[in-house]
Amino acid sequence: MKDNAMKKAIVFAGVLALSAIGASTALAGTMAQPYGTFTINATGTVKTLPTGSPLNSISSFTLPADETVSSIPATYFGYANAFLTTLALGQSVTISPLTVPV
């Protein structure tokens, strides 16, 4: 049970990083300012490195390619969140597998 909570915390941290990356770079050419943020839940297996190590000693984790949109806040830094018009809760999204250093 404790490991699941830690995995969820790690995935959430990765999602925050993914949101920041997506909002600032990948979508810069397709969305008007001020971008926005959203969170995702992994629908595949989150891999840790070194494999099998306790979560407090891993050096990175990798999110799988298949994700599901889990939240879209109404505002982003006081502005309407641009993702409200392009994403829906529960929508499947596919990313390149993303490795996040810890």
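**View 1. Asn-81 and the residues it touches.** Leaving aside residues up to four places away in sequence, Asn-81 touches Tyr-35, Gly-36, Thr-37, Ile-72, Pro-73, Ala-74, Thr-75 and Tyr-76. To find Asn-81 in this predicted model, look in the loop between strand E6 (79–80) and E7. Is Asn-81 buried or exposed? Asn-81 has a relative accessible area of 2%, and since anything under 20% counts as buried, Asn-81 is buried.

**View 2. The open sheet E1-E4-E7.** Here three strands line up in the order E1-E4-E7, and their pairing is antiparallel. At the edges sit strand E1 (39–42) and strand E7 (92–94), each of which pairs on one side only. Going from one strand to the next, the twist averages 45°.

**View 3. Where E4 meets E7.** Now for a look at one pairing within that sheet. Strand E4 (residues 66–71) and E7 run antiparallel and are joined by three bridges. Which residue in E7 is the bridge partner of Glu-67? That partner is Val-93.

**View 4. The open sheet E2-E3-E8.** This sheet is also built from three strands, in the order E2-E3-E8, with antiparallel pairing. E2 and E8 are the edge strands; each has a single partner strand, so one side of each has no neighbour in the sheet. The twist from one strand to the next averages 20°.

**View 5. Thr-62 and its two bridge partners.** Start with strand E2 (residues 47–49) and strand E3 (residues 60–63), which pair in the antiparallel sense over three bridges. Lys-47 has Thr-62 of E3 as its bridge partner. E3 also pairs with strand E8 (residues 98–101), again in the antiparallel sense, this time over four bridges. In E8, Thr-99 is the bridge partner of Thr-62. So what holds paired strands together in general? Strands of a sheet pair through backbone hydrogen bonds, in either a parallel or an antiparallel way.

View 6. The protein chain has a mean pLDDT of 75, and 68% of its residues reach 70 or more. Where is confidence lowest, and where is it highest? The lowest is in helix H1 (residues 2–26), with a mean of 46, while the highest is in strand E5 (residues 75–76), at 92. Over residues 9–31, pLDDT stays under 50, and the model gives this stretch 34 contacts beyond four places in sequence.

Technical notes. Residues are numbered from 1 along each chain as its sequence is written. This is a predicted model: local features need pLDDT of at least 70, side-chain atom pairs count only at pLDDT 80 or more; totals for chains, interfaces and linings use all residues. Side-chain values use heavy atoms; hydrogens and water are left out. Two strands pair if DSSP finds at least two bridges between them. Axes are lines fitted to C-alpha atoms, for helices over the stretch in contact, and angles run from 0 to 180 degrees between N-to-C directions. pLDDT is the predictor's confidence in each residue, from 0 to 100. Contact means heavy atoms within 4.5 Å. Buried means under 20% relative accessible area, exposed over 50%, partly exposed in between (1.4 Å probe, protein chains only).
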